[in-house]
Amino acid sequence: MAPKDKYTVILPTYNERRNLPIIIWLLNRTFTENDLDYETVIVDDASPDGTLDVAQQLQKLYNPKHILLRPRPGKLGLGTAYVHGLKSASGNFVIIMDADFSHHPKFLPSMIATQKRTRCDIVTGTRYAGDGGVYGWDLKRKLVSRGANLVADTVLRPGVSDLTGSFRLYKKSVLEKVMGETESKGYTFQMELMTRAVGMGYRVEECPISFVDRVYGESKLGGEEIVEYLKGVLSLWLKV
């Protein structure tokens, strides 16, 4: 009998003390109801709002077997947060997602089923195909997201409808290899991960998701991140 699959969720956090209890409860319910083995690795970058204190309480409530804390001394970037969390992952599959409730765990069973059915290397949640969609954004935010995907798709042609999305399921071995080739650390990290994965010949499947704007807190996307993204697209075009 083949060993049971285990899923490691990596949750980077910064000022998410009010969102974290909700997302952890939903993750626990989703995995428990579907009889799936899991762990959640919380990578907090010294949040001034006390997110780590909340995480420590959640670890006691849900058992250290399911909640691993891997805090860092400061805000060091999204890409390095995933690299840091991956070092502690014991699952053979890794899920990366946001902790702000914009990625609902209810889509995880569909993403997992897609991987099992197709035996693909990566399942990426998409807002821009099938029944996927975005809720709670103003027109400006929608145009920025659509524009970012259009620019990347036109220049890089990765064949993925939602290149900037950050709700994904990876085979752990694949994520380790792709991360080893990825240079970006910030907002362009997700785009480079997917572009390099496709370039390395890994098989990607898409699963429609509904993206809902964060419940509490403010978006961390600003003008600097948009400029960084455009520079990242150009850099990838020259390298990949």
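Predicted model: local features only at pLDDT ≥ 70, side-chain atom pairs only at ≥ 80, totals over all residues.
Thr-118 belongs to helix H4, which spans residues 108–118.

When residues up to four places away in sequence are not counted, Thr-118 touches Arg-203 and Glu-205. Arg-203 lies 85 residues from Thr-118 along the chain, yet the C-alpha atoms of these two residues are separated by 9.4 Å.

## Packing of H4 with H1

Helix H4 also packs with helix H1 (residues 20–33), at an angle of about 45° and with the two axes 10 Å apart. H1 is therefore oblique to H4.

On the H1 side, the contact involves Leu-27, Thr-30 and Phe-31. Their counterparts in H4 are Leu-108, Pro-109 and Ile-112. By residue class, this contact between H1 and H4 comprises five nonpolar residues, one polar residue and no charged residue.

## The buried face of H3

Helix H3 covers residues 78–86, and its buried residues are Gly-79, Ala-81, Tyr-82, Gly-85 and Leu-86. Viewed down the axis of H3, these residues fall within an arc of 160°, so they line one face of the helix.

The buried residues of H3 pack against both strands and helices. The strands are E1 (6–13), E2 (37–44) and E4 (93–96). The helices are H6 (172–181) and H7 (189–199).

Note on methods
Residues numbered from 1 in each chain as written. Heavy atoms only, no water. Axes fitted to C-alpha atoms, helices over the stretch in contact; angles between N-to-C directions. Helix = DSSP H or I, 4+ residues; strand = E, 2+ residues; numbered from the N terminus. Parallel < 35°, antiparallel > 145°, perpendicular 65-115°, else oblique. Contact = heavy atoms within 4.5 Å. Nonpolar A, V, L, I, M, F, W, Y, C, P; charged D, E, K, R; others polar. Buried < 20%, exposed > 50% of the residue type's maximum accessible area, 1.4 Å probe, protein only. Arc of directions from axis to C-beta.
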